[in-house]
Protein chains: 2
Amino acid sequence: MERGRTLATPVLRAAVDRLAPPMDTVAAYHFGWIDAHGRPADGDGGKAVRPALAVLSAEVTGAAPETGVPGAVAVELVHNFSLLHDDLMDGDEQRRHRDTVWKVHGPAQAILVGDALFALANEVLLELGTVEAGRAARRLTTASRSLIDGQAQDISYEHRDRVSVEECLEMEGNKTGALLACASSIGAVLGGADDRTADALETYGYHLGLAFQAVDDLLGIWGDPEATGKQTWSDLRQRKKSLPVVAALAAGGPASERLGEILAADAKSSDFANFSEEEFAARAALIEEAGGRDWTAEEARRQHTIAIEALHAVDMPDPVREQFTALADFVVVRKR
Amino acid sequence: MERGRTLATPVLRAAVDRLAPPMDTVAAYHFGWIDAHGRPADGDGGKAVRPALAVLSAEVTGAAPETGVPGAVAVELVHNFSLLHDDLMDGDEQRRHRDTVWKVHGPAQAILVGDALFALANEVLLELGTVEAGRAARRLTTASRSLIDGQAQDISYEHRDRVSVEECLEMEGNKTGALLACASSIGAVLGGADDRTADALETYGYHLGLAFQAVDDLLGIWGDPEATGKQTWSDLRQRKKSLPVVAALAAGGPASERLGEILAADAKSSDFANFSEEEFAARAALIEEAGGRDWTAEEARRQHTIAIEALHAVDMPDPVREQFTALADFVVVRKR
């Protein structure tokens, strides 16, 4: 993943530098390149899974990894556009151990800079002026639409009492799967791959995304705050209907029923914001007892397997296949 | 303009129908197709200048007006994406005589549906899958970036004491000129026009946009609320540094100086929100006395002339040229 970051970051920074002030500064803060006072920072730029996939996918076609760089940058821009807007919509105050953009620079800048990054993503691709870039931009647009659909589902599910496991998987496929699918194929598309190859790489990325999100959902409840940069029981505090929760509710049995009663009462509670650590810990224990934790861990492995199998449909050099496999392995064992 | 609306609206509605619920409903409310309770409405869909320009520009190349329709729809989608986000950023509660989306459906839906319309704009073009569509998408992306730059300038100017006439024109060129430039050329690009033709049509549209905005700035102060759908003295209430204001402040002389003192005091006033009609009327009278109203009206005519002249560089059928001219004439005489 280091290679994806090393190749993509300078081009990403150059793209962000094109933004007019103060958007360039706000974006630089978001990416962790400067702190809230404008001083240079060496921030945690995230896991860089997406750029790694994009440059790797270029090599599927025999092209140099550099061919995938505009795709890597475009995907990172779309990903970060969605983070800026989602953090504001969800009222999330922290990301990657730092205050979110809307907290530091205000809601208007979060909206505006998100918009600018989204536009920049298309610019970075379309200015290549090639047929391949047009195809890449089209796939990126499809992925962006899925991302937005997923956020719409996420918001609407928060207002509902019950969400099925299928609905949750569909939402996570939109929010996480679609853009990882695009990342996994965009370098290949830029390298001239045919649609069949690109589609197979998208299938790999989509299921990798579902595995990624299942692990994220586990970390959102049982993750180490030091590693994740989020609060303890982060997803429970936000009443997020994540996979472990919906799987536990769907499982049936005494723990599942008790959990259902508690969460229904929580939804009506005006005191929820003041709940203690122990109260969240009790809910996490019930989710685990009802089988939600085990089911989600198994789901991550299941999606990992489907992702790896999708690679079989694509001819590629052995070292490239090994790296796709290693990236998938990383996604399911990561702690942050 | 009726033709642009008639050709583009069904395709626009079909595009918006692709949005997942509840985004389709929120967007339909924004476009005036339904009311806040979801009942069908025959809302004021705006002036439809942009779709008219887009379908007309297709005919420059000898193509059928229908060739410009995906461009008309894409431009309308970008325009409305920016309205949704700008209304939220600016805290505007009314548009086209109706409550804005964030007032009715909340800030999150305004952000989300804006994002969705922006993505849909690219989708509508890129799914054509042609080289021309890729070129059109690139021009639309450039225009979108300008639009966002203009909104950034607009926001930052509101926090400043003084804005020069040049800065105001640059901001208005970004906010209004760029997308009208794109609308005026996108049909031609889809019809296979070369870059020189497209650039000349963009010049027409850009200056038409500046004329349009100068008229908008006049209507924002002296417009009839019944016609514009805005409050009386709308731009003054928002302390907008629009063209009449900055021109009046730059003019020098007693009225200009008095206006400067009053606006500087207003900027610090905590009671500004409770100002009476008479207080705004007095400010408007000073702007007029300092020459801001006349200067802006003259600027509208000047930009109109540049726009018409840009058409000379392009070969096109006479009826097409006449319609471009009629559209430019409409823009400077309109009352809403």
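## Shared surface

Of the interface residues of chain B, 100% are also interface residues in chain A, so the copies meet through the same surface. The contact takes 32 residues from chain B and 32 residues from chain A.

## Model and confidence

This is a predicted model. Its scores are ipTM 0.94 and pTM 0.95. Chain A has a mean pLDDT of 95, with 99% of its residues at 70 or more.

## Interface

The size of an interface is often given as the accessible area lost when the parts come together. Here, about 2,900 Å² is buried between chain B and chain A, and carbon and sulfur atoms give 72% of that area.

Between the two chains there are 2 salt bridges and 4 residue pairs in polar contact, both residues being at pLDDT 80 or more. One salt bridge joins B:Glu123 to A:Arg145, with the closest N and O atoms 2.8 Å apart.

## Elements on the chain B side

On the side of chain B that touches chain A, two or more residues each come from helix H4 (69–90), helix H6 (107–126) and helix H7 (131–158) of chain B. H6(B) gives the largest share, 12 residues. By type, the residues of this side divide into 19 nonpolar, 6 polar and 7 charged.

Key
Residues are numbered from 1 along each chain as its sequence is written. Chains are lettered from A and ligands numbered from 1 in the order in which they are written. This is a predicted model: local features need pLDDT of at least 70, side-chain atom pairs count only at pLDDT 80 or more; totals for chains, interfaces and linings use all residues. Side-chain values use heavy atoms; hydrogens and water are left out. Contact means heavy atoms within 4.5 Å. pLDDT is the predictor's confidence in each residue, from 0 to 100. Buried area is the accessible area (1.4 Å probe) that two parts lose on being put together, summed over both. A salt bridge is a side-chain nitrogen of Lys or Arg within 4 Å of a carboxyl oxygen of Asp or Glu. A polar contact is a pair of N or O atoms within 3.5 Å; within protein, one must be able to donate a hydrogen and the other to accept it, and residues adjacent in sequence count only if both atoms are side-chain atoms. Helices (H or I, at least four residues) and strands (E, at least two) are DSSP runs, numbered from the N terminus. Ala, Val, Leu, Ile, Met, Phe, Trp, Tyr, Cys and Pro count as nonpolar, Asp, Glu, Lys and Arg as charged, and the others, Gly among them, as polar.
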